[in-house]
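Trainee: Could we go through this model together, starting with how far some side chains are covered and then moving on to pairs and pockets?

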Amino acid sequence: MELLTEGFIDSAEAFGLLTMKKEQEEEGSNAARFSIEPLPRGFGATLGNAIRRSILSSIVGCCITYVKIEGLPHEYMALDGVLEDSIELLLNIRRAKVDLLCREHSQMLQLSVKGERVVTAGDFQSNPEVEIFNPEQVICTLTGKDSSLDIVATVTRGRGFKMASELKRKDAPIGVITLDCNYSPVERVAYAVENTRVGSATDFEKLVLSVETDGTKTPDAVLGEGTAELKRYLGWITDQQSAMMSYVPEEEPVDAELQAKLGMHIDELGLSGRAANCLRNAQIRTVGELVECSADQLMSFKNFGEKSLVEIVDKLAEMELYLKETE
């Protein structure tokens, strides 16, 4: 007797039907919703919680970490000619949203203003390796014509929230004040699981991820980095389990030197800040991913120009590698 299987879809078939959609909450906003479906029953919460935790804990960001303010040896002393007290002044500096465009883990910013005026983050002198996303952020108010403010700030890169006590350096010069830092560019991440169907089968789920950032990174970049970090750990577990079972999958012979080149991170190429930043924003992290792109694809990336293309082509040529030919 033949069993009726109409409407039955196994997990392998459902995997082949997976789709992912993005919805921007508002035009120009830093919030977006990503929906993934159809997932087998139970996988919505499994994936949603894992991705959420990974995004909250692993995304790299930048902060103003150290400041030296002329006339302010410590944070509990008032500064002449400044309306705000020193604590409010330091909190305002912390609110400046910054990003490093270079491979280095720190860069300097300088500010020097005089006269009666409102001082903002946009008054920091331009540094090509640092981008300030909210130049309108008020730092303080100078109250007199003879008032002045001189600040030297250090921007650093890191993960998560760090107390000033964790970041304070014993060799720091006198007068350097260490700030608490929330490196994460993620302001909110949540997930919801909804029911969905595939044909007449109704026992499937849709995962909806809501991601909001502070603007220094896009929701797309944050989701990509968080899932890549999760994939890295899951891949390691799979590799370890295979080794423990003495299972070696059959593979075609590979060129070890070529694989080492393709596995290099783009930061190891020594690219300029603009070129490297464009590739990171496009979710290209390794040389292998880079050579899968054609010149036309690279030129379509935001802020990517011919100078960056020539630089990348030359770097790849030194390694005897080339971009994908345009189809």
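Trainee: Is Glu205 buried or exposed?
Mentor: Glu205 is buried, at a relative accessible area of 8%, where buried means under 20%, exposed over 50% and partly exposed in between, with a 1.4 Å probe and protein chains only. Keep in mind that this is a predicted model, in which local features need pLDDT of at least 70 and side-chain atom pairs count only at pLDDT 80 or more, while totals for chains, interfaces and linings use all residues. Residues are numbered from 1 along each chain as its sequence is written, and side-chain values use heavy atoms, with hydrogens and water left out.

Trainee: Which side chain meets Glu205 in a salt bridge?
Mentor: That is Arg41, at 3.6 Å from N to O, a salt bridge being a side-chain nitrogen of Lys or Arg within 4 Å of a carboxyl oxygen of Asp or Glu. The two belong to distant parts of the chain, 164 residues apart, with Glu205 in strand E14 (residues 201–213) and Arg41 in the loop between strand E2 (31–40) and helix H2 (43–58); helices (H or I, at least four residues) and strands (E, at least two) are DSSP runs numbered from the N terminus. Arg41 itself is partly exposed, at 45%.

Trainee: How many salt bridges are there by this rule?
Mentor: The count comes to ten, and one of them joins Lys22 and Asp220 at 2.7 Å, N to O. Because Lys22 sits in strand E1 (residues 19–24) and Asp220 in helix H5, this pair ties together parts 198 residues apart in sequence.

Trainee: Changing topic, what is the volume of the largest pocket?
Mentor: It is about 1500 Å³, taken as the space filled by probe spheres set on grid points that are joined across faces, edges and corners. On a 1 Å grid over the protein atoms alone, where a 1.4 Å probe fits, a pocket is an open set with protein on both sides within 12 Å along at least five of seven lines, and lining residues have an atom within 4 Å of a point.

Trainee: And what lines the largest pocket?
Mentor: There are 44 lining residues, with Lys217, Glu225, Asn277, Arg280 and Asn281 nearest the centre. Helix H5 supplies the largest share of that lining, seven residues.

Trainee: What about disulfides, how many are counted?
Mentor: The count is zero, a disulfide being a pair of cysteine sulfur atoms within 2.5 Å. For Cys140, the nearest cysteine sulfur, that of Cys181, is 19 Å away.
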